[in-house]
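Hi,

Here is the structure I promised to pass on.

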Amino acid sequence: MNTAVPYQDITTIYHALAAVLLPFAAFLVNICLPGKRNIISGWLSTVAIFISVVLSATIFAQVWNKPQLHVQQLWFTIGATKLYAGVLLNNLSVLMLLLVSLIALPVHIYSTAYMKYDESYKRYFSYLSLFCFSMLALVAVDNLFLFYAFWELVGFSSYLLIGFWFTKAKAVQANKKAFLMNRIGDIGLLVAILILFTQFHTADLVQLFGDNGLIAQSFIKLDNWVSATGQMPVIWQYIAVGGIFLAVAAKSAQFPLHTWLPDAMEGPTSVSALIHAATMVAAGVFLLGRVYPLFNSTELNILAVIGCFTAFMAATIALTQNDLKRILAYSTISQLGYMTMAMGIGAYSSSLFHLVTHAFFKCLLFLVAGIVIHQMQHIKEENDLDIDPQNILHMGGLRKKLPLTFIAAVVGAVALIGLPLTSGYLSKDGILVQAFEWSDGKSWVYRLIPVGALVTSLLTAFYVARLIVKVFFGEFRLQKANPHIKIHCGDGGWQYTLPLGLLAVCCLFPWFSLNPLVYEHAWILTGFNPSDYLERVNMYHTIIPAGINVLNFVVIYFAYAVYVKRNSYTFPQTGLLFKLSYHEWYIDKIYNSIIVKPVLAISRSASWFDKNIIDGSINLLKNTVLVLSKITAWLDKNIIDGLLHLLTSITLGIGNFARNFQSGKIQYYLFSMLAIILAVFIWFLI
């Protein structure tokens, strides 16, 4: 290993490698275990990820706010270029190592009960371990090519998990859609990596994006433009940034490549909790954090616009959805938009802070959704009902039947809304305040970004409150419509309640800041030193938090009043805005019209051309050759062979005839001589 690293730090590197490789070891062992429902596989994967959590916590304590650890070895050489690969442990990577493993642990525990009766129990945990290994390796590697390899592996393992129930047509369609849309981003990332490698002849993240890296040395940032002073022309920089944005948009579900994420709900709910919390969708934001120095101010502005639009659009769609998991999926897209917008406005550390807090409360809400759906499915099967167990219109009043689940849901909901005393309040507060400060002194166009973020926050409060009151308050609508049904449901055993409790506690403020009202005191912000770290020096730090929380409480009460007290309010379902929201802004339909249908039409045309023109030409040639062959065979048999047989017969006849004159009888010889003389005589007379 690299001797530049002190010996005592090598142990930390080994711990990091162990934390990454343990889930992979669990994957290898699981696929070798006998039986499809081997209970050992679940606990083996759970123990592996638990040890990874312990190791990640140890690594975090040794590296956080200390000099980074970077160990590498020679991988291979290309001409005079040497390519190194190794492990990079800095504040960003150790934070993500701890976050990924810490979120994965309650998901594993929860899954041991949630998937207990599934026929492919062992396969599920094999895929889950592979997925965790891929994400942990992604955040620890120091090389762009290795980063791309694990980026692809994250996508592949998510494909396996989304389509886990491959006997369902919707699940197959969903994982295909996720796989194909992520390929668009993967192509962009590959192009960006190749550009950077060809320009700088290295794939080392530290050499490229470190404080004194090649990127910083090669560009002088002037307002909205980047002037090349080193090896890389401006045009290549824009293309590389475009490729990175495609990768971020695909993995982190940003407009216009976001439509795969709601459909990914066809996988098990525990999978949704992991994908939507700190793993796959977080990879795009993590990528932004890794390559952030590459962006100039113009590109960051574009990033802010797209992130803000994505957050607003997804929030409006969540307002009218009735599928429990689909509402949470659009909530994830909206919150990822917040993180992307924060990166665009320069709030680097606040974006990562929100990434961390979001992981806990979103994972919690998905696990809550899994319990609710599981109990609704049980009621459906027990009473032979024809209902969708994920439809919130069939629910209501479940707080009395699922009290612990209800408490966990409320904690996750208030954190998602961003109410005081929660982690979500601190992280969202930081983004909103810095968004207004970023736009201060600029034209009114820039002001649309923080205003859009503010409106999105209020929409979030409404759709989250709608979800909670629809599911847990009022009357149990399914029982009201079917008074004689049997209802046997509960919170479940410790494998359900322990993960909910762990995640709920992590949604509260003390884990991130001792001061529940001041986001600048959060310890995560001190771990990064970008220009976005601000002190409380202007009115935004007071007006924005106070104003947004007053409005949030008003919105929550409004949702409670119209859905519980009146219990009769419905959206005007014939209105343009409702249709736009309910049909998800028609984006999927637009894609089907302008992309899917034309591609299918071209495919059908190509198939017809292949079948009728190419295959037809080949068949015509084949038939022509066959006809010619038959004609040739007939000519050979009847003409050529016939002529030969005729000649043979004539020759044979002449021979037989001539043979009669060679019988040895003298009278035949005399008769022959007489016939010849007579013939000659007649010839001459004539």
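The second largest cavity has a volume of about 50 Å³. Keep in mind that this is a predicted model. Two helices, α17 (423–439) and α22 (540–565), each give two or more residues to the lining of that second largest cavity. Among the lining residues are Y425, K428, D429, P545 and N549. Sorted by class, the lining of this cavity has five nonpolar, four polar and two charged residues.

So much for that one; how many cavities of 30 Å³ or more does the structure hold? The count is four.

Now for the largest cavity, with its volume of about 70 Å³. What classes of residue make up its lining? Here you get eleven nonpolar residues, no polar ones and no charged ones. The helices α14 (324–344), α15 (348–383) and α18 (444–472) each supply at least two residues of the lining of the largest cavity. The lining includes L324, V372, A409 and V471.

A409 deserves a look of its own. You'll find A409 in helix α16, which covers residues 403–417. Is A409 buried or exposed? Buried means under 20% relative accessibility, and A409 counts as buried because its value is 1%. Leaving out residues up to four places away in sequence, A409 touches L365, V368, I468 and F472.

Cheers

Terms used. Residues numbered from 1 in each chain as written. Predicted model: local features only at pLDDT ≥ 70, side-chain atom pairs only at ≥ 80, totals over all residues. Heavy atoms only, no water. Helix = DSSP H or I, 4+ residues; strand = E, 2+ residues; numbered from the N terminus. Buried < 20%, exposed > 50% of the residue type's maximum accessible area, 1.4 Å probe, protein only. Contact = heavy atoms within 4.5 Å. 1 Å grid on protein atoms, 1.4 Å probe; cavity = no way out; pocket = protein on both sides within 12 Å on 5 of 7 lines; lining within 4 Å. Points joined across faces, edges and corners; volume = space filled by probe spheres on them. Nonpolar A, V, L, I, M, F, W, Y, C, P; charged D, E, K, R; others polar.
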